[in-house]
Amino acid sequence: MERQLTSEVALSNPIIESFIQRLFDEAASKGLSYVDIGITEKEGLHLTAGQGVLEGLTAYNERVAALRGLYQGKMGTTYTEQLQVEEAANLVQALIDSASLNVDCESDSLPAHKCGGRQVFESALSGNAPTDITGKVNNLLVLEAAAVQAAPEVQKTDYCDYHEFHRKRYWFNSMGMDLREWGSVCTAAVSAVAVKGEQVRTAFAAETGAHPDHLAMNLLGREAGSLAAKCLSGGSIASGSYPVVLVNTVAAALLEGFSPVFCADRVLDKLSLLEGKLGQSIASDLVSIVDNPRLEGGARTMHFDDEGTLTKKLDLVVNGVLKSFLHNEKTAEQAALTTTGHGIRSNHKSSIEVQPSNLWIEKGRCSFDKLLMQMDNGVMITDVQGTFAGINAISGEFSLQASGFKVENGKVTDGVHGITISGNFFDLLREVAGVADDLRFGMPYGAFVGSPSLYVPSLTVAGE
Amino acid sequence: MLNETLMTLLIDITLRHGGDFAEVFAEHTDCTEVTTRGSRVENAVSGTDYGVGIRLIKGDSSFYAYANSSDPQTLRTLARQLSESVKGNDGVSGQVITLKPLWTVSGLHPFKNAPQSVAMRHKADLLKAAHAAATACDPLIVQTDARYLDQDQTIQIANSNGLFATDRRMRTRVLFRAMAAYEGRMESGYSGPGALQGFEFYDTCDLNTHAVKAAQMAATMVRADYCPAGKFPVIIDNGFGGLIFHEACGHSLEGAAVSKGNSVFTGKLGQEIASEFVTLVDDGSIQNAWGSTGIDDEGTPTQKNILIENGILKNYMLDTFSAKRMGMTANGSSRRQSYRFAPTSRMSNTYIDNGSHSVSEMFEATDNGLFAKSLGAGSVNPTTGDFNFSVVEGYWIKNGKIEKPVRGATLVGNGAEILRQVDRVGDNLKLEQGYCYAASGAIFVSMGQPTLRVQSMTVGGRAGI
């Protein structure tokens, strides 16, 4: 039974409100000239299945907060997981202690004293917490069964997961700003195991949406199962340079690994090779890249960032030309610009950094099949591993374990595995010769990143 | 933390509707993190994590719930909700649980200076000095960043078998990165020493030496050519080189994957799975080592586990759940990042033991190959055994001698095959520190080995084939 709640009702929280009141009163009385606090409440469910049954279930409920305060001109930070009214005094003291120590913390910029009233946001299609666990377990078993039934060689799954969480975010400051929003994210993921003789191959498929009804379990299971079975063919290939099609999830993984190059904090610290290139062509004119925190159903959709800045869509690259970096208040001040609303903390314990929200390469016009025909002969990469190890966002270089298929006369033929693909991300962007219309997003850890499939005329492949 | 009465009550509530086993894990962790970029302190923050995780096992299913609350009412509700996950009324419901006398592990990993007793300023000063050392060492160094972390973690575990144990873990680590720029390119070098110890660790560990090592790595790599692509012999240096085995077979020897048939090493106890020169050990009891704990995160004492002996598979890393599935005994290998995770079999300090080959002979025997001096990170698919890892400092070997530095290569292989390809193992075993991310979260681990040679691996470079 699902109750329809309005945002106003769902986000009103007397416990938090009285805590905030006490916090700001205490802060003012102890001489803090400014305080802001971001609170995140998360209620989640994680199901894992195997062998046709539910293997694991984790349910959780947490509330965390991150605070900043100004004391005698210096900024202090602290965090807490205890939001009782009695904690307010301790937190204020922690802010004062932190500010006093931050004689060392030479961050030049102090939080802007934003004014404003109360605004409540709801991510579209969200907010109604589905409560029927049995239904969700059955759904997950449908996913597993679909994977196993997709091909006779598929024996089982080695990973079959469903994860959903409902998140409420609050942001208050001592100037009276009061921002609230809520949203849900659901993800289903499965890895199918195909066996033929001594050969074992796995293939992974995942989908993220705002509501469990948005996840097509049957299709997803079939996708993983049939791909795993197809991967049983073939072997390695000769080392050399090849034309390559990177399928959408692979291109998205690359973009995610290299996303720091678009963050102004890296740029200003000379850790991005895009420094000094605003207004210049840095990619093929087929490539446009967008960051949109207001994407409907996006896993990282947020109406305000962790600095209380209201967010909006941002064009990073338009037809190959670099238009903007992602900024927070501090980097914007250094660059004499306005924050783009990307002041985001990785978690409640970390400081505010610059991070993407929902980030993607815009889809092109041609179908995936046409993209393969454009390449004609080459290699299609369907999976890469080790992205956190084999990607160097500072140098732009990447070298990744990969697998996929040969493409001959525009058609997919034998499987290819035990290879690596290597190259330079900036060269790759410039050389993109084809962009398909199959935009797809990756897993919702941190930033939510997507891409369509891309054709690149040459990458180094190491095999035999 | 929680008292015995409450913990007993929570276990009782959890088992009310059935189940074979219940466990309560409470954690209080004080944590400090200081990060610098260049000589500038970016962030310096302290805080406390506190929470409770409750686990219920029935048959092959595991149910887990956690909350970051100390309120008994909230925890009782959590336990009740968890108990309702289990249908049916069989199992040990109604049994009176008596917790055996509390036992606390102490003294196995001594510490002197609890990190809370050290001012934030001292920690920041360590990092600033390291930055100065790095930039002084080579003009090509344009930037550094460093992350100092310390943790004082106290845990309590109680379960329906009557166990009630506590452990206190004091940890400290610095991960230092130096960046060099040359002719429009940038490369990085790293070093990351740490220990299960208090702040006195830095009395014996000279952080500036590590900063210089990172700087030299970056400066060398930024001037280097691309690494060749193809299949070659690879000599992997001692220390963090042990990452290859962490990926190639470590994860595949964790009980959870093995017991579900999701490992290339399932059902192979007693079989020859590696060359005779390979002996692989996982030992969570090494005094003050980064991956050690007094008891594991289920309350089982840690111990030295010989996994592979002279090429023969002897043992797996076992948590209680997977041990039971295979009719074996838990051996102190159950770990979790925090109360937010159910525990499972994981590595601790994992290393290839000393062999007797000479390191210089290894080079002489290599006509055309790679010397992987420092590794970065990697990953593995335990089901297929396919693994990868990145080389962050490499040199090309030509006719038995180091010819030149080479950059940018990921090495790939398959765990079932690679272990047989180890044809020489030296006698200079060293362990170094890192992190491992898997099902039960991010944990601190050491990996190590002597310098050794693998006959053939696929090297994912970019240079002339």
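The structure is a predicted model, in which local features need pLDDT of at least 70, side-chain atom pairs count only at pLDDT 80 or more, and totals for chains, interfaces and linings use all residues. Residues are numbered from 1 along each chain as its sequence is written, chains are lettered from A and ligands numbered from 1 in the order in which they are written, and side-chain values use heavy atoms, with hydrogens and water left out. In the interface, 66 residues of chain B are in contact with 67 residues of chain A, contact meaning heavy atoms within 4.5 Å.

**Interface of chain B and chain A**

- The two chains bury about 5300 Å² between them, 45% of it on carbon and sulfur atoms; buried area is the accessible area (1.4 Å probe) that two parts lose on being put together, summed over both.
- Eleven salt bridges are found across this interface, a salt bridge being a side-chain nitrogen of Lys or Arg within 4 Å of a carboxyl oxygen of Asp or Glu.
- One salt bridge joins the side chains of B:D386 and A:R201 (3.4 Å, N to O).
- Strand β2 (residues 40-58) of chain B supplies eleven residues, the largest share of the side of chain B that touches chain A; strands are DSSP runs (E, at least two residues), numbered from the N terminus.
- That side of chain B divides into 22 nonpolar, 28 polar and 16 charged residues, where Ala, Val, Leu, Ile, Met, Phe, Trp, Tyr, Cys and Pro count as nonpolar, Asp, Glu, Lys and Arg as charged, and the others, Gly among them, as polar.

**Strand pairing**

- Strand β2 (residues 53-71) of chain A and strand β3 (residues 61-67) of chain B run parallel and are joined by six bridges; two strands pair if DSSP finds at least two bridges between them.
- In this pairing, A:T58 stands opposite B:Y64.
- Within chain A, strand β1 (residues 32-50) runs antiparallel to β2(A), with 18 bridges between them, and A:A49 stands opposite A:L54.
- The hairpin of β1(A) and β2(A) has two residues between the strands, and A:Q51 takes a positive phi near 55° there.
- β1(A) is also joined by 13 bridges to the antiparallel strand β5 (residues 154-173) of chain A, where A:F172 is the bridge partner of A:I37.

- A:V317 lies in strand β10 (residues 314-318) of chain A.
- A:V317 counts as buried because its relative accessibility is 0%, the cut-off for buried being under 20% relative accessible area (1.4 Å probe, protein chains only).
- Leaving aside residues up to four places away in sequence, A:V317 touches several residues, including A:F262, A:I282 and A:L322.
- A:I361 is 44 residues from A:V317 in sequence and 8.9 Å from A:V317 in space, C-alpha to C-alpha.

Technical notes:
Helices (H or I, at least four residues) and strands (E, at least two) are DSSP runs, numbered from the N terminus. Buried means under 20% relative accessible area, exposed over 50%, partly exposed in between (1.4 Å probe, protein chains only).
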